[in-house]
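Here is a short tour of a structure, written for someone who likes to look at contacts atom by atom. Have the viewer open and follow along.

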Amino acid sequence: MPADHEPPSELRDAEGRAIRYLRLSITDRCDMACTYCMPPEGEREHGLRDELLSFEEIVRLVRLLASHGLRRVRLTGGEPLVRRDVVSLVARLAETGIEDLWLTTNGSRLAALAEPLRAAGLVGVNVSVDSLDPARFARITRGGDLFGVRRGLEAALAAGLSLRTNTVVLRSENLGELAAIARFAWSIGATPRFIELMPIGEGARLPPSERVGAVEMRAALGELGLGDEALGDPGRGPARYLSTRGEGTGGAPARRVGLITAVSDEFCASCNRMRVTSHGEVRPCLASRRAVSLRELLRGGASDREVLHALGWALGGKGPGHRFDHDAQSGTLDVDHHQVGMSLVGG
Ligand code: SAM
Ligand code: SF4
C-alpha cells in the first residue's frame with residue numbers, strides 16, 4: 001500500500017496526548033501594539049507576504065490534520081482580521097472536516113467583518129477587552145479605540161457568533177476592573193476570561209509585579225459570588241471556569257468566568273493543542289524550543305506522509321509541562337527565547 005494511503009491515525013504528542021486543537025496564526029501583523037505583547041513600534045519581524053503560508057497551504061494542512069483527529073481550529077495572529085481575504089479563508093477552512101472554527105481578535109475590524117465571517121462558517125470569536133475605560137484601553141493597546149471594539153462586539157452578537165472576551169490582567173492597570181468587565185461581558189451574552197500575564201513577548205519585559213495569579217484574580221472577582229470549583233472545558237482550551245452560585249438574577253442560568261493562569265496554575269497535563277505560526281512553523285507548545293518549518297515541505301511537493309512525519313517529530317518535543325514559573329522564580333528565564341511573543345507564535 002502506498003505510504004500516503006495508510007489509514008488515518010490520531011496525532012499524539014510525546015506524552016500520548018491526542019492533538020485535537022490547532023491554534024493557527026495567519027499573520028504576525030497587528031493594528032495595535034499592546035504593552036504586554038508588542039514593542040511600541042509594532043512587530044519588528046514582519047515577513048514578506050511570500051513568507052506567509054498561502055491559503056492553499058493552510059487549507060491543505062488543516063484538512064490533513066482533520067483526517068488525523070483534529071477537531072477545532074482557532075485563527076489568531078498578530079491580528080487575524082488584518083489578513084486580506086480572511087473571510088474566504090474561513091469559508092475554505094469550514095469545509096475541511098473540522099467541527100469548530102473560532103477566531104481570536106482585538107475587535108478593531110469586527111464591526112465590518114462579523115456578519116460575513118459568520119456566513120462563511122465561523123462559530124465564535126474571542127475579543128480582547130483589557131479595559132472598559134477608553135483612555136486606559138488606549139494606553140494598554142497603544143492607540144486602540146474602545147468604541148470601535150464595542151461596535152465590533154455588537155456586530156458579532158447580531159451576527160449570531162458565540163462570544164468570549166479576553167482580558168490580560170495587569171496589576172497596575174485593570175485589576176480593579178475585573179468584576180465590571182465580567183458584568184459587561186455577561187450583559188452582551190459573552191463569557192469573560194481573565195488571562196495571567198505570561199513572560200513572553202513584551203510581557204517578559206514588564207516587571208514581574210504586574211503578574212496576577214489565580215488566587216488574587218479570584219479575590220478580585222469576589223463580589224460576583226462565584227463558586228469555588230473551577231471546571232475545565234475539555235477539548236476547548238486551557239481556561240478553568242468558575243460559575244455563579246445557583247441561578248443568576250431573574251432565574252437566568254448561572255454565569256461563568258474563565259481563568260487562564262498558565263504560569264501560576266499549570267494545566268499542561270490536559271493540553272490537546274498545537275500551534276502553527278503564520279510562517280508555517282509548528283510549535284507544539286508556547287514554551288517549547290522545538291519548532292519545525294512546514295512551509296518548505298508544503299512548497300517543495302512533500303507528500304502528506306512526509307508532512308505528518310514532520311508534525312510527529314515536532315510533537316515529540318512537547319514535554320509534560322512548561323517551566324515558565326520555575327524559570328521566572330529561579331531567575332533563569334531565557335528572555336531571548338520568550339521574547340518570541342504571542343504575536344509571532346500565535347496567541
Ligand atoms: N490580536 C488578537 C488579540 O489580541 O486578541 C489575537 C492575537 S493575541 C497574540 C492572542 C491573545 O494573546 C490575546 O488574548 C492577548 O491578550 C494574549 N497575549 C499576548 N501577549 C500575552 C502575554 N504576554 N501574556 C498573556 N497573554 C498575552
Ligand atoms: Fe496585537 Fe493582539 Fe498582540 Fe495586542 S495582543 S498587540 S492586539 S496581537
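## Charges over rings

In this predicted model, the charged end of R164 is placed over the ring of W102, at 4.5 Å from the ring centre. A second case involves R256, whose charged end sits over the ring of Y241, 4.0 Å from its centre.

If you go looking for rings that pair with each other, the count of aromatic pairs comes to zero.

## Around ligand 1

Ligand 1 has 20 residues around it, and the nearest of them are Y36, G78, S128, V168 and M198. By class, this shell is made up of eight nonpolar, 10 polar and two charged residues.

On its own, ligand 1 has 550 Å² of accessible area, and the protein covers 96% of that.

## Around ligand 2

Now turn to ligand 2. Its surroundings consist of C30, M32, A33, C34, Y36, C37, M38, G78 and N106. Sorted by class, the shell has seven nonpolar residues, two polar ones and no charged ones. Y36 and G78 belong to this shell, and both are also listed among the residues that come nearest to ligand 1.

## Salt bridges

How many salt bridges does the structure hold? The total is 16. One salt bridge links R109 with D31, and the closest N and O atoms of the pair are 3.7 Å apart. R109 is in the loop between β3 and α3 (110-120), while D31 is in the loop between β1 (21-25) and α1 (55-66), so this pair ties together parts of the chain that are 78 residues apart in sequence.

Conventions
Residues numbered from 1 in each chain as written. Chains lettered and ligands numbered in written order. Predicted model: local features only at pLDDT ≥ 70, side-chain atom pairs only at ≥ 80, totals over all residues. Heavy atoms only, no water. Near = heavy atom within 4 Å. Nonpolar A, V, L, I, M, F, W, Y, C, P; charged D, E, K, R; others polar. Phe/Tyr/Trp six-rings, centres within 6.5 Å; stacked < 30°, edge-to-face > 60°. Lys NZ or Arg CZ within 6 Å of the ring centre and 35° of its normal. Areas by Shrake-Rupley, 256 points an atom, 1.4 Å probe, with all protein chains shown as cover. Salt bridge = Lys/Arg side-chain N within 4 Å of Asp/Glu carboxyl O. Helix = DSSP H or I, 4+ residues; strand = E, 2+ residues; numbered from the N terminus.
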